[in-house]
Amino acid sequence: MKEALVCGAGGFIGSHLVKKLKKEGYWVRGVDLKKPEFSETEADEFMLLDLREPENCERAVLSRRQKPFEEVYQLAADMGGMGYIDSAECDIMRNSALINIHMIHSSANAGVKGYFFSSSACVYRDMQADEDELSEEDAYPAFPDNEYGWEKLYAERMAMAYARRYDIKVRIARFQNCYGPEGTWRGGREKAPAALCRKIAEAENGGEVEVWGDGTAVRAYTYIDDLAEGIFLLMHSDLENGVNIGRQEYVTVDELVQTIAEVAEKDVKIKHVKGPVGVMARYFKKDRIRSLGWESEFSLKDGIKRTYPWIKEQVAKYG
Ligand code: NAD
């Protein structure tokens with residue numbers, strides 16, 4: 001039986017990745033500061049560890065038989081939506097860098113064979129609406145829009161340096177905005193799709209919904225099952241360096257609101273308010289991940305149809 005370690009297994013993508021690995025027949029250890037908030041973990045073993053501490057990383061990467069894991073998936077990060085990225089830049093740069101520095105070092109040193117790192121589309125520069133799509137090499141010359149992106153670039157480079165110097169295979173995905181059930185939906189770390197689903201669930205039919213910025217920023221949103229599939233394919237591929245993973249359905253923030261309102265069967269009026277928006281637009285080529293046979297299967301509307309009811313239920317229970 002193959003064994004895998006998932007760091008950040010108490011978080012949104014990590015907890016879904018654990019489910020995917022279990023379906024693929026793996027024995028899985030999850031590690032995080034906290035257990036998943038919204039359902040029981042499916043990991044065979046769950047360790048509560050602070051991965052900023054080197055000795056915890058050293059413990060995590062050795063399996064129950066004290067052998068290095070064949071596969072390590074590093075998704076632990078100090079992370080949130082634009083509001084959090086904008087306000088907590090020191091925490092993000094310190095905490096995530098410490099985790100990434102110690103995790104790749106401990107993994108390479110212990111003899112881990114495969115190491116996956118979750119990078120982000122935030123490594124790219126700002127773009128204007130209707131620009132041509134960027135490919136992975138266009139991350140350089142580097143000019144990320146926020147410190148979260150700079151930390152990701154540093155962590156990518158660090159992992160690639162270890163891949164050159166140690167016998168460890170490193171795979172790096174640059175995720176676009178990902179959403180789905182069991183993701184953070186309130187509290188300040190939620191991302192745009194979850195925040196807007198919550199606001200629409202809370203709104204009266206015909207009511208008003210506040211949207212940060214002027215609603216024209218362009219993004220593509222990827223449903224969690226598509227992302228988990230992409231991570232698994234990439235980890236078992238020969239693709240080195242950063243690989244974009246995301247759906248190629250570009251929408252403005254106002255169009256995202258409209259899609260959610262349609263699924264919710266509510267009429268809502270958009271009220272644009274001041275708030276951190278991030279870059280104006282993001283357009284990325286997906287040729288590399290597609291070369292592995294990956295395609296995003298969930299349209300934005302299909303993904304929202306699976307996400308909105310879950311958030312509506314959370315709002316009804318706890319809102
Ligand atoms: P998340 O916040 O839900 O999960 C991250 C997990 O890391 C959390 O459970 C958190 O408790 C854990 N963590 C934080 N500090 C830790 C520490 N010191 N020790 C152990 N665990 C710690 O975020 P997510 O959306 O699941 O993101 C997972 C990864 O994907 C992150 O690296 C993130 O930067 C990247 N990413 C996510 C998106 C997205 O749209 N969600 C987009 C681009 C990149």
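1. **Cavity.** On a 1 Å grid over the protein atoms alone, a cavity is a set of points where a 1.4 Å probe fits but cannot get out; lining residues have an atom within 4 Å of a point. Grid points are joined across faces, edges and corners, and the volume is the space filled by probe spheres set on them. A search of the whole structure finds 1 cavity of 30 Å³ or more. The largest cavity has a volume of about 30 Å³. Its lining is made of N100, I104, Y115, F117, A155 and A159. Here α4, β5 and α5 are the elements that give two or more residues. Helices (H or I, at least four residues) and strands (E, at least two) are DSSP runs, numbered from the N terminus. The lining divides into 5 nonpolar residues, 1 polar and no charged. In this scheme Ala, Val, Leu, Ile, Met, Phe, Trp, Tyr, Cys and Pro are nonpolar, Asp, Glu, Lys and Arg are charged, and the others, Gly among them, are polar.

2. **Basis.** This is a predicted model: local features need pLDDT of at least 70, side-chain atom pairs count only at pLDDT 80 or more, and totals for chains, interfaces and linings use all residues. Residues are numbered from 1 along each chain as its sequence is written, and side-chain values use heavy atoms, with hydrogens and water left out.

3. **Second largest pocket.** A pocket is an open set of points with protein on both sides within 12 Å along at least five of seven lines. The second largest pocket holds about 170 Å³ of space. H16, K19, K20, K23, D225, A228 and E229 line this pocket. Two or more residues come from each of α1 (12–23) and α7 (224–235). Helix α1 gives the most, with 4 residues. By class, the lining has 5 charged residues, 1 polar and 1 nonpolar.

4. **K19 again.** What does K19 pair with? K19 forms a salt bridge with E182, and their closest N and O atoms are 3.4 Å apart. A salt bridge here is a side-chain nitrogen of Lys or Arg within 4 Å of a carboxyl oxygen of Asp or Glu. This pair links distant parts of the chain: K19 is in helix α1, and E182 is in the loop between β7 (178–179) and α6 (192–202), 163 residues apart. E182 has a relative accessible area of 19%, so it is buried. The cut-offs are under 20% relative accessible area for buried and over 50% for exposed, with partly exposed in between (1.4 Å probe, protein chains only).

5. **Other salt bridges.** The count comes to 21 salt bridges. One of them joins R52 and D50, with the closest N and O atoms 2.6 Å apart. R52 is partly exposed at 28% relative accessible area, whereas D50 is buried at 18%. K113 and D167 also meet in a salt bridge (3.7 Å, N to O). That pair spans 54 residues: K113 lies in the loop between α4 (89–110) and β5, D167 in the loop between α5 and β6 (169–175). K113 is partly exposed, at 47%. D167 counts as exposed, at 63%. A network of salt bridges links E3, R64 and R65.

6. **Aromatic pairs.** The whole structure has 10 aromatic pairs. Rings of Phe, Tyr and Trp (its six-membered ring) pair if their centres lie within 6.5 Å; planes under 30 degrees apart are stacked, over 60 edge-to-face and the rest tilted. Y124 and F284 have ring centres 4.5 Å apart and planes at 35°, so this pair is tilted. Y124 sits in the loop between β5 (114–120) and α5 (147–165), and F284 in the loop between β13 (269–273) and α9 (287–290), 160 residues apart. Both Y124 and F284 are buried. Stacked or tilted: which describes Y162 and Y166? Their centres are 5.1 Å apart and their planes at 25°, so the pair is stacked. Y162 is buried, at 15% relative accessible area. Y166 is partly exposed, at 31%. Elsewhere, Y73, F116 and F175 form one aromatic cluster.

7. **Charges over rings.** A charge sits over a ring if NZ of Lys or CZ of Arg is within 6 Å of the ring centre and within 35 degrees of the ring normal. The charged end of R64 sits over the ring of W27, 4.0 Å from its centre. R64 also belongs to the salt-bridge network with E3 and R65. The charged end of R189 sits over the ring of Y84, 4.0 Å from the centre.
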